[in-house]
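Reader: Can you walk me through the salt bridges and the core of this one? Put the structure up first.
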Amino acid sequence: MKQAALVGETVSDFLYRIFERDDDDIERDFYALNPSHHSPYLEAGIEYEVPTPKQIEVKEEISEVSRWA
């Protein structure tokens, strides 16, 4: 899947806009899919390969926090 970058967007901004998350795992996947890109800044209008939802490992969320009993 490819997506175009917006003016002034960084890799973090770009990934957050698409996936609503920004962490090291998704950035590592982005750079692996775009090996010729080394900068944290993206060129506006250029399409970059982004991980598909199946490629992204979904982290389990803690549904309940137990307090001291």
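Author: A definition to start: buried means under 20% relative accessible area, exposed over 50%, and partly exposed in between (1.4 Å probe, protein chains only). The model is predicted, so local features need pLDDT of at least 70 and side-chain atom pairs count only at pLDDT 80 or more, while totals for chains, interfaces and linings use all residues. Residues are numbered from 1 along each chain as its sequence is written, and side-chain values use heavy atoms, with hydrogens and water left out.

Reader: How many salt bridges are there?
Author: Three, where a salt bridge is a side-chain nitrogen of Lys or Arg within 4 Å of a carboxyl oxygen of Asp or Glu.

Reader: What does D25 pair with?
Author: R28, at 2.5 Å from N to O. D25 is partly exposed at 29% relative accessibility, and R28 is exposed at 51%.

Reader: Where do D25 and R28 sit in helix α2?
Author: They are three residues apart in α2 (residues 24-33), about one helical turn. Helices here are DSSP runs (H or I, at least four residues), numbered from the N terminus.

Reader: And E9, buried or exposed?
Author: Buried, at 7%. Its salt-bridge partner is R17, at 2.7 Å from N to O, and R17 is partly exposed at 36%.

Reader: Switching topic: which residues are in the largest nonpolar core?
Author: It has 10 residues, including A5, F14, L42 and Y48. Such a core is a set of buried Ala, Val, Leu, Ile, Met, Phe, Trp, Tyr and Cys residues joined through side-chain atoms within 4.5 Å.

Reader: Which element gives the largest share of this core?
Author: α1, with four residues.

Definitions and conventions. Helices (H or I, at least four residues) and strands (E, at least two) are DSSP runs, numbered from the N terminus.
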